Amino acid sequence: QVQLVESGGGQVQAGGSLRLSCTASESIISSSVMEWYRQAPGKQREFVAHVSRTGRPHYEDPAKGRFTISRDDAKNTLYLQMNSLKPEDTAVYYCHSIKSDGLTLYEYWGQGTQVTVSS
């Protein structure tokens, strides 16, 4: 069973920065679509950004221009650099991987890391 472990969350003031990391227990980062989601209190989990197997990033509107998703295949680690943080970015951030072998879809979630942005 693949495990994804997030880290890097914490409390920061508005305008500050954090870098989240997601480390996989196996070498799946390079062969998977890797994503970040977040869930604020009382809200549904929402997509933040993903990076394709070829390294192409895609961002949801709230993250555009402020967040950068990247990965280090050698370290089996996914990152999310978050700048210019706002109070509305407060949420638990989750790492998600998706991989298919053509017959079976493999999905894994991390346990989440809390990000709190104070005004």
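1. A disulfide is taken here as a pair of cysteine sulfur atoms within 2.5 Å, and a search of the whole structure finds one. This is a predicted model, in which local features need pLDDT of at least 70 and side-chain atom pairs count only at pLDDT 80 or more, while totals for chains, interfaces and linings use all residues. Residues are numbered from 1 along each chain as its sequence is written, and side-chain values use heavy atoms, with hydrogens and water left out.

2. The disulfide joins Cys22 and Cys95, whose sulfur atoms are 2.0 Å apart. Because Cys22 lies in strand S3 and Cys95 in strand S9 (residues 91–100), the pair ties together parts that are 73 residues apart in sequence; strands are DSSP runs (E, at least two residues), numbered from the N terminus. The torsion about the S-S bond is about -75 degrees, so the disulfide is left-handed. Cys22 is buried at a relative accessible area of 0%, and Cys95 likewise counts as buried at 0%, where buried means under 20% relative accessible area (1.4 Å probe, protein chains only).

3. Strand S3 (residues 18–24) is joined to S1 by four bridges, and the two run antiparallel; Leu4 has Ala24 in S3 as its bridge partner. Strands pair if DSSP finds at least two bridges between them, and on this basis four strands form an open antiparallel sheet in the order S1-S3-S8-S7. Strands S1 (4–7) and S7 (67–72) stand at the edges with a single partner strand each, so one side of each is left without a neighbour in the sheet.

4. Ala49 lies in strand S5 (residues 46–51) and counts as buried, at 0% relative accessibility. Ala49 and Glu60, 11 residues apart in sequence, are 5.9 Å apart in space, C-alpha to C-alpha.

Note on methods
Buried < 20%, exposed > 50% of the residue type's maximum accessible area, 1.4 Å probe, protein only.
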